[in-house]
Amino acid sequence: MKILLSEEEYRGHRHMSTAQVIILGFLGVILLGTLLLMLPFATQGKPGASFLDALFTSTSALCVTGLIVHDTATYWSTFGQSIILLLIQIGGMGVVTVALALFLLSGKRINLRERQTMQASISAPKVGGILRFTLFILKSTAIMETLGALYMAPVFIHDFGFGKGLFYAFFHSISAFCNAGFDLMGTKVPGSSLCLYEGNVVINICIVGLIVLGGIGFLTWDDLCEHRLHAHRWQMQTKVILTTTLILIVAPALLFFFRDFAGEPLKLRLLKSLFQSVTTRTAGFNTVDLGSMSQVSQLVMILLMLIGGSPGSTAGGMKNTTLAVVLFTSISVFRRHEYTHFYGRRVSSETLRTAGTIFFMYISLSLTGGLLLAAIDGVELMPALFEAASALGTVGLSLGITAKLSVISKLILIFLMYIGRVGGLTLIFATLMEKSSPGAKFPEERLTVG
């Protein structure tokens with residue numbers, strides 16, 4: 001599918017903004033994936049998936065969510081699973097990134113418009129060096145996913161045989177690095193995710209490592225590769241991302257350790273607590289029955305799912321930098337400081353407005369989605385809110401209600417997954433006119449708030 005435009009084509013399509021190219025690119029791949037998953041040989045011994053089931057699965061895979069209406073291992077054939085895996089890979093790296101990579105491999109000249117589209121799709125700070133950065137994304141993705149697969153291969157080969165075990169290793173490595181959460185463990189226990197490996201150190205550490213590597217973001221890894229351990233040379237964004245990531249892993253893990261797994265042996269407590277803390281922020285795997293966890297922990301998981309990973313990563317959510325900006329802006333107000341700053345650097349007013357808008361959008365969309373699910377299908381509020389946050393944060397965790405939802409509720413989840421991946425602001429910008437600069441400003445008047 002051709003997503004990016006040549007200079008000649010662009011002259012005839014000036015009405016298409018960068019945001020429109022991005023959302024149409026994702027929509028086109030979703031529809032193509034839907035058609036492929038509807039083919040008779042995409043399912044196991046069945047006449048083929050319905051349009052709604054195929055659309056839901058295609059959206060979930062491309063938006064690297066992991067919510068499913070049918071068990072991936074037992075419902076879809078090897079062909080169907082391969083299509084899902086391809087969609088996960090494209091969604092993890094980004095539709096525009098993959099399209100640009102194909103253009104580079106074909107020797108096509110990349111014009112300025114296409115570079116700007118790539119910059120917008122990965123939240124890069126500037127257009128310069130975007131082609132080098134695209135190659136960096138491809139190389140780092142291939143290296144990390146291959147190493148993860150080779151690390152898990154002995155375990156899966158032992159359990160499933162050489163051919164199947166190797167496919168399982170690559171499938172789960174790609175799914176983990178892309179923060180997708182799709183699994184093939186249904187051949188043993190349908191819907192079990194990775195619960196059968198709750199005590200396996202190799203699988204736990206590898207999956208957790210891949211989720212974190214993918215969730216930190218390519219922008220962060222590029223900065224770390226360039227400046228190594230010279231922390232004073234790291235960009236402010238890199239420092240904020242690493243700090244918030246560490247806090248958002250450790251703090252929930254401690255809560256789960258002391259509240260939910262107190263009766264487990266120490267090894268299992270550590271593995272389960274760490275795994276659930278990491279996977280909740282957009283990965284979608286689980287090694288425990290989430291329904292058995294306390295409501296306090298489930299509420300914390302909802303918040304973690306909405307926060308998500310980092311900008312320019314394979315993860316979804318509002319992004320940890322958005323949370324950091326909102327929190328530190330509040331702190332600056334409490335302290336009566338004029339500016340919000342991190343590590344001796346001031347945050348621009350545009351960033352503050354964008355962070356506040358994104359934060360409001362995610363909270364309001366998740367609450368609205370959860371309330372609609374509860375009202376339409378009569379499910380309890382906590383599972384409904386959990387499901388909506390999981391879809392919007394492109395996580396894939398569920399309290400077991402996905403397959404039971406009505407057609408309307410599934411369409412709501414599809415919409416939330418799509419919004420969560422392409423970005424709410426991107427969709428709004430695509431439907432509105434390009435940014436304009438008015439010649440005059442309105443007079444200012446004080447408005448009392450709080």
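This is a predicted model: local features need pLDDT of at least 70, side-chain atom pairs count only at pLDDT 80 or more; totals for chains, interfaces and linings use all residues.
## The big picture

Let's start with the whole chain. It is built with 19 helices and 2 strands. Of its 450 residues, 55% count as buried.

How much of the contact tally comes from residues 24 or more positions apart? Among contacts with a separation of 6 or more, such pairs account for 68%.

## Inside the cores

The largest nonpolar core holds 101 residues, and Leu62, Ile88, Phe156, Ile207 and Ile302 have the most contacts inside it. Helix H8 (residues 130–160) gives this core its largest share, 10 residues. Apart from it sits another core of 7 residues, including Val325, Phe342, Val347 and Ala355.

Pick out Ile207 to see what such a residue meets. Leaving out residues up to four places away in sequence, Ile207 touches Met152, His172, Ala176, Leu194, Phe275 and Phe285.

## Salt bridges

Side chains of opposite charge can pair when their charged atoms come close. How many salt bridges does a search of the whole structure find? The count is 3.

One of them joins the side chains of Arg132 and Asp222, at 3.1 Å from N to O. This pair ties together distant parts of the chain, with Arg132 in helix H8 and Asp222 in helix H11, 90 residues apart. Is Asp222 buried or exposed? Asp222 counts as buried because its relative accessibility is 15%, and the cut-off for buried is under 20%. Besides Arg132, Asp222 is in contact with Phe133 and Phe136, leaving aside neighbours within four places in sequence.

Now look at Glu198, Glu264 and Lys272, which are linked in a network of salt bridges. Lys272 meets Glu264 at 2.9 Å, N to O, and in the bridge between Glu198 and Lys272 the closest N and O atoms are 3.4 Å apart. Glu198 lies in the loop between helix H9 (162–177) and helix H10 (201–216), while Lys272 belongs to helix H13 (residues 266–279), 74 residues apart. Lys272 is buried, with a relative accessible area of 6%. Glu198 is partly exposed at 26%, and Glu264 is partly exposed at 28%.

## Two buried polar side chains

Ser60 belongs to helix H3 (residues 51–62). Its relative accessibility is 0%, so Ser60 counts as buried. A polar atom of its side chain lies 2.9 Å from the backbone nitrogen of Gly66. Not counting residues up to four places away in sequence, Ser60 touches Thr65, Gly66, Leu67, Phe182 and Met417.

Lys319 is found in the loop between helix H14 (295–307) and helix H15 (320–334). This lysine is buried, with a relative accessible area of 18%. What does the side chain of Lys319 reach? It gets to the backbone oxygen of Gly317, at 3.2 Å. Lys319 also touches Ile307, Gly309, Ser310 and Pro311, again not counting residues up to four places away in sequence. The C-alpha atoms of Lys319 and Ile241 are separated by 9.2 Å, though the two residues are 78 apart along the chain.

## A nonpolar patch outside

Finally, check the surface. Leu327, Phe328, Ile331, Val333 and Phe334 form a nonpolar patch there, with about 510 Å² of accessible area together. Val333 is found in helix H15, and it is exposed, with a relative accessible area of 56%.

Definitions and conventions: Residues are numbered from 1 along each chain as its sequence is written. Side-chain values use heavy atoms; hydrogens and water are left out. A nonpolar core is a set of buried Ala, Val, Leu, Ile, Met, Phe, Trp, Tyr and Cys residues joined through side-chain atoms within 4.5 Å. Buried means under 20% relative accessible area, exposed over 50%, partly exposed in between (1.4 Å probe, protein chains only). Helices (H or I, at least four residues) and strands (E, at least two) are DSSP runs, numbered from the N terminus. Contact means heavy atoms within 4.5 Å. A polar contact is a pair of N or O atoms within 3.5 Å; within protein, one must be able to donate a hydrogen and the other to accept it, and residues adjacent in sequence count only if both atoms are side-chain atoms. Patches are made of residues with over 30% relative accessible area and no salt bridge: like charges are joined within 9 Å, nonpolar side chains (Val, Leu, Ile, Met, Phe, Trp, Tyr) within 5 Å. Accessible areas come from the Shrake-Rupley method with a 1.4 Å probe; for residues, only the protein chains shown count as cover. A salt bridge is a side-chain nitrogen of Lys or Arg within 4 Å of a carboxyl oxygen of Asp or Glu.
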